[in-house]
Amino acid sequence: MTLGRADQQVDLFDDVVRFCEGSLPGNSIYGLLARERDRLFPDEMFADLFTDRGRRSVPPSVVATVMVLQRLEGLSDREAVDRYAFDVRWRYAAGVGGYGGVGWVRFAHTVLVDMRERLRTSTRPDRVFEVALDAARGAGLIGRKRVLDSTPLYDAVATMDTVTLIRSALRGLLGVVETDVEAELRAVLSSGDDYATAGKPQIDWDDRAAREQLIDSRARDGFAVLAVLEGRKLDPVVTQAGALLATVLGQDLEEGADGVFRIARRVAKDRVISTVDPRARHGHKTASRGFDGYKGHVAIDPDSEIITATTVTPGNAGDAGAATDLIADLLTDDPTTGDPVTGDPVTGDPAAVDPVERACIDDQPEDGADEPGDPAGATEPTDEPTGEPAATVYGDNAYGTGEFHDRLEAGGIESKCKTQAPTAPGGRLRKDRFDIDLGAGTVGCPGGFSTPIRPAKHGGGSACFGPVCAGCPLREQCTTAATGRTITIGPHEDTLTRARARQTDPAWIGDYRATRPKVERKIAHLMRRRHGGRRARVRGTEKINADFRMLATAVNLARLAILGLCFTPAGWATA
């Protein structure tokens, strides 16, 4: 398929153009796209997705416009092409005008499917998001502050129970092996189930013995099939199907003393919840609020409320684990050298950072450098102006981990991520009531006793007060353990202690309270449509990630329209 090109000749007398220009507000996204579409999404930007021979495609600038509006309004593919065909605002935004001109009147909904797949397999799958962000950056709307947060994305599949998982995984494996291997596998099935349909076998579900027999027989089928395949050289697709079967068998079942397989009275840490979408997971946004699916992570500039980065993880992933990807544009480390704190590779291209900006970041003092107990080698503050404000990252307790604080310090970024205070069961004395002296390697308790820290293999250690607790008058307020109170020292203890001290400053609290909630409003903009917002429209981390980023693009363009983005002889600017 060859690259189709939009007609650049605008009919000033077109009824759709005249009506929309006279009726739509000046700060609508339809007006922004109609005015700046060819600069944001020129057809040439998508040339690498097409060949030199074949029939002409729908102009990519038209398709990109429809994709943006589709995500903004939470529409399916069929609904989106219908809206394009019959809503004059969409036709105005896409630059095709009315129905009497030469513009595209209608196209099939599969064009959207095809474009998403072409983008996904290209070298620049996020180009639509990037050009909108580049326009915001060119207009001076992207500063050096970032606010991070995440939100649940419900999966697009049904959560399966154990029996359904096993049968579905077996059916999937039998469906991808060669015919002769399938016959060999079916020969070892002993339950009488042919695994041809998705429905559960008909049994008396009120009969406990019948339920146990069903689970045991299907488990034995699964293990028998895996035993046949063990040690063989298999195609990648068969290996993947076999690994999925092994996972669902191992996560939910346990063998009793009588040799019968039963459902385990536990929930596996990384439990697969569907064979249709194996990456979906049980997640918890709070201790009492669970969901099934994924997490969408965002970073915004709090001043302009432009989304600067997004990513998607399985629902059970921690927020701090995705934070480095969200602030890659603020980090200046060489990705080939790895993270100086964790040793992990650092995402982001340091060459993309302006040299002046790099110098300004490198000259910034590390967080808490003037406080007692600083680690050796901390950067000293400088009185010389840097030319730009320090980079700052805001986040709630989920981002206040020692690893992430250290990562920000290593990158010269000020951390305003809230760190949770220590807790103790039953209202007893918390860890912060103890005097932890890492330099001396001791811990002092409120009762006046001191004990040395026993180092742990991977950093940190523990301090056990043991015998001194027996005669301590504060024992009942401190611990109920027969062996006395033990204080655990984490590998990032000093970092967390300094972070907790910083966040007691009234100025820190005021800035945090004024800035961090802005990301909540932006997430509300992303989630206002259930279809394609809170509820994922596709399956798999990669596709959901691309879909979520397109949603962020649409919300960004709507925000840029409100801010009056326009192109001038000097470049992008706002009204």
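# A chat about rings, cores and a hairpin

Guide: In this predicted model, the charged end of Arg91 sits over the ring of Tyr84, at 5.2 Å from the centre of that ring.

Visitor: And what does Lys200 lie over?

Guide: Lys200 lies over the face of Trp205, and the distance to the ring centre is 5.1 Å in this case.

Visitor: OK, what about rings with rings, how many aromatic pairs are there?

Guide: A search through the whole structure finds six aromatic pairs. One of them is formed by Tyr399 and Phe404, whose ring centres are 6.5 Å apart and whose planes meet at 55 degrees, so this pair is described as tilted.

Visitor: Are those two buried or exposed?

Guide: Tyr399 is buried, and Phe404 is buried as well. Another aromatic pair, Trp508 with Tyr512, is stacked, with 5.2 Å from centre to centre and 10 degrees between the planes.

Visitor: How far apart are Trp508 and Tyr512 along the helix?

Guide: They are four residues apart in helix H17, which covers residues 506–515, so about one helical turn separates them. Both Trp508 and Tyr512 are buried.

Visitor: Changing topic, how many residues does the largest nonpolar core have?

Guide: The largest nonpolar core has 75 residues, and those with the most contacts inside it are Phe41, Phe46 and Leu557. The element that gives the most to this core is helix H19, residues 541–562, with 10 residues.

Visitor: What does Phe46 touch, then?

Guide: Leaving aside residues up to four places away in sequence, Phe46 touches Leu3, Phe41, Pro60, Ala64, Leu119, Arg127 and Val128. There is also a second, separate core of 28 residues, which includes Val163, Ile166, Leu244 and Leu249.

Visitor: Now the strands, in which sense do S4 and S5 pair?

Guide: Strand S4, residues 281–286, and strand S5, residues 289–301, pair in the antiparallel sense over five bridges. A hairpin of two residues joins S4 to S5, and Arg281 stands opposite Gly293 in S5.

Visitor: How many helices and strands are there in the protein chain?

Guide: The protein chain has 19 helices and 16 strands. Among its contacts with a separation of 6 or more, 66% are between residues 24 or more positions apart.

Methods
Residues are numbered from 1 along each chain as its sequence is written. This is a predicted model: local features need pLDDT of at least 70, side-chain atom pairs count only at pLDDT 80 or more; totals for chains, interfaces and linings use all residues. Side-chain values use heavy atoms; hydrogens and water are left out. A nonpolar core is a set of buried Ala, Val, Leu, Ile, Met, Phe, Trp, Tyr and Cys residues joined through side-chain atoms within 4.5 Å. Buried means under 20% relative accessible area, exposed over 50%, partly exposed in between (1.4 Å probe, protein chains only). Contact means heavy atoms within 4.5 Å. Two strands pair if DSSP finds at least two bridges between them. Rings of Phe, Tyr and Trp (its six-membered ring) pair if their centres lie within 6.5 Å; planes under 30 degrees apart count as stacked, over 60 as edge-to-face and the rest as tilted. A charge sits over a ring if NZ of Lys or CZ of Arg is within 6 Å of the ring centre and within 35 degrees of the ring normal.
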